[in-house]
Amino acid sequence: MEPVLANSYLQSSLNFFFFGTVLETGRRLWQFLMDKFTGGFVLTAIFDSADPAYEWFFSYLNDEKIWSSTREFRVTARTTSRTWGVNSAASNSNNDDEGYAEYTPSYDQPQLFKYQGTYCQVTRTKPEGAAHGLGHEDGGQLVLTLYTRNRSVLDNLISHARAQYLKKSKPRLVVHGTDHCGSWCQVTTKARRPLDSLILPTGVKEMMLNDARDFLRSEQWYADAGIQHKRGYLLYGPPGTGKSSTIHALAGELDLEIYALSLAANGMDDAGLSRLIGSTPAHSIILIEDIDCAFPSREEKKRQKEAKEKGIVLAETQSRITLSGLLNVIDGVSSEEGRLLFATTNYVNRLDPALLRAGRMDVKIHYKMSTQDQIVNLFKRFYPAQKEEAPAASDKKSRRISELELTPPPTPSTLPADSTSTDPNPTSDTASPKFAVDTTPIYPPRLPQAAVDQLAERFASLVPQNKFTVAELQGYLLTVKTRPYEAVDGVVKWMEEVEEERERMRKEKEEEEKREEEEEKKEKEEQEKAEKKDKVDEEKKDKVDEEKKEKVGEEKEKVDEEKKEKVDEEKKEKVDEEKKED
Ligand SMILES: Nc1ncnc2c1ncn2[C@@H]1O[C@H](COP(=O)(O)OP(=O)(O)OP(=O)(O)O)[C@@H](O)[C@H]1O
């Protein structure tokens with residue numbers, strides 16, 4: 001019986017061994033074949049979120065609603081118009097933009113789709129070191145796998161995505177920004193601002209537009225002349241005078257995207273700046289806002305110098321960009337591909353002359369407080385006139401104007417049909433008073449051209465030029481945006497309030513400075529006092545030491561004297577003794 005059993009045991013062991021070997025060999029063969037197959041028949045493309053191509057592909061996936069069948073999302077409140085194209089209950093309307101929540105596909109969840117008959121797979125990968133994943137702004141990559149050997153499918157997909165993206169973004173201005181990751185990974189889109197909406201001294205807009213256009217098309221001319229193809233624009237002046245608005249409007253007009261960065265950003269250093277500028281794509285505007293922020297102001301320099309003298313180390317308040325680093329980067333912004341450099345500052349005198357020299361900043365435009373022309377134009381922009389004059393006889397015109405002047409500001413019911421806003425809720429009268437819809441108009445009445453001209457002139461005559469920024473006046477007009485007459489009547493009071501506010505702020509600043517000065521003085525006095533005290537203490541100590549020394553000396557002398565006397569006495573005694581013995 002035993003050998004039989006042993007035999008069958010051996011037999012089944014051999015069988016197991018044999019089948020195991022076959023299985024493992026099969027598995028390895030399958031793996032090998034699959035690797036061969038995927039290596040040869042699969043294309044993989046990686047889109048990095050810091051690169052503009054990510055935007056094209058992202059936009060394509062969104063438009064095609066590729067993520068719509070995803071089963072796992074992160075839900076975030078929607079803060080931008082960016083969407084992942086995932087249907088959500090929160091965006092229950094047909095218009096996705098109206099949703100208040102955005103469903104973002106989770107990381108590492110492959111999504112299958114078909115492009116030109118080819119199966120494709122896209123996966124969103126987690127950015128390195130990301131603790132949370134709230135959407136595109138977190139960075140990361142999109143990994144696209146195409147199950148084909150045909151490279152042209154990938155080429156077609158990318159060019160299709162890019163064309164679609166450009167078409168879609170055309171009506172809007174794309175502004176890229178930097179994030180904590182130190183690369184271009186934040187994108188916002190804005191409504192394009194027409195150049196006409198800018199209120200600048202005559203000819204400035206046209207000059208800038210023509211200059212930029214001329215630059216963009218004269219690449220060959222620059223090459224022939226042996227001049228670097230680069231152009232820098234510096235817009236400087238008080239805040240709220242329209243520097244940023246000009247750049248946005250120009251970018252829209254020139255069809256360029258903006259890459260905006262701040263030199264004061266945390267962690268920005270020369271290498272980071274150089275990397276950022278180097279990765280700016282062709283046909284774009286590089287915008288360095290508040291370029292002065294990279295360097296310490298005069299007060300800051302004084303503070304640092306004083307602190308250094310006292311041996312105090314101040315906390316770093318400025319960026320780690322050096323002037324030479326910035327100059328190198330600006331010098332490097334040469335490109336055959338049409339990149340314009342714009343910089344803005346409120347404090348041009350803080351800038352080093354090396355930065356301002358031609359070749360770095362070729363066009364410098366000073367933005368000032370509003371001139372009379374700007375005030376008139378701003379008023380007219382707020383209260384546009386009727387498009388067409390009523391076919392009234394010109395002799396009737398002046399009478400109508402004077403009537404308008406005497407007429408109190410129109411109420412909603414007296415406004416012309418084309419001028420009043422439409423109530424978004426026609427059933428509002430039936431609503432309970434608590435939730436009653438505001439029926440005040442949102443557009444001003446359309447007055448005849450002559451009336452608007454006259455009101456604008458009167459408005460401008462009341463507002464002194466070079467005293468207010470366009471932003472300030474705009475702020476005021478916004479409070480009376482439907483009431484042109486009130487705008488004129490109330491402007492003097494508003495100016496008084498602004499003056500009072502400025503006076504208050506000036507006083508507060510003065511007091512603050514005085515307080516700081518006093519504190520500094522007090523500190524200095526205390527320091528001097530302490531120094532004096534130290535000196536006196538030292539003198540006292542020296543004196544005490546001297547006295548001590550003297551005392552010790554005297555005591556020593558005395559002891560020596562006594563010792564000597566004792567020795568002499570002993571000697572004498574000895575001599576006497578000897579004598580006696582003799
Ligand atoms: N010249 C102008 N024409 C039209 N709008 C203007 C002008 N100046 C300011 N504004 C308006 O004021 C606001 C602030 O303007 P903007 O940001 O362009 O000023 P800025 O000079 O760039 O200020 P800052 O130096 O603080 O960045 C915007 O709403 C803009 O529409």
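This is a predicted model: local features need pLDDT of at least 70, side-chain atom pairs count only at pLDDT 80 or more; totals for chains, interfaces and linings use all residues.

Student: How many residues does helix H15 have, and what distance does H15 reach from its first C-alpha to its last?

Tutor: Helix H15 runs over residues 484-581, which gives it 98 residues. At 1.5 Å a residue, a span of 146 Å would be expected, and the value computed for H15 is close to that, at 140 Å.

Student: Which element gives the most residues to the largest nonpolar core?

Tutor: This core has 29 residues, and among those that touch the most other members are Phe379, Phe459 and Trp494. Two or more residues come from each of helix H11 (372-382), helix H13 (449-462), helix H14 (470-479) and H15. Trp494 is also one of the buried residues of H15. With seven residues, the element that gives the most to this core is H15.

Student: Which residue has a side-chain N or O atom 2.5 Å from an oxygen atom of the ligand?

Tutor: The ligand is surrounded by 18 residues, and the closest include Arg193, Ile199 and Ser245. Ile199 places a polar backbone atom 2.8 Å from a nitrogen atom of the ligand, while for Gly240 a backbone N or O atom lies 2.9 Å from a ligand oxygen atom. The side chain that has an N or O atom 2.5 Å from an oxygen atom of the ligand is that of Ser245.

Notes:
Residues are numbered from 1 along each chain as its sequence is written. Side-chain values use heavy atoms; hydrogens and water are left out. Helices (H or I, at least four residues) and strands (E, at least two) are DSSP runs, numbered from the N terminus. The expected span of a helix is 1.5 Å times one less than its number of residues. Buried means under 20% relative accessible area, exposed over 50%, partly exposed in between (1.4 Å probe, protein chains only). A nonpolar core is a set of buried Ala, Val, Leu, Ile, Met, Phe, Trp, Tyr and Cys residues joined through side-chain atoms within 4.5 Å. A residue is near a molecule or strand if one of its heavy atoms lies within 4 Å of it. A polar contact is a pair of N or O atoms within 3.5 Å; within protein, one must be able to donate a hydrogen and the other to accept it, and residues adjacent in sequence count only if both atoms are side-chain atoms.
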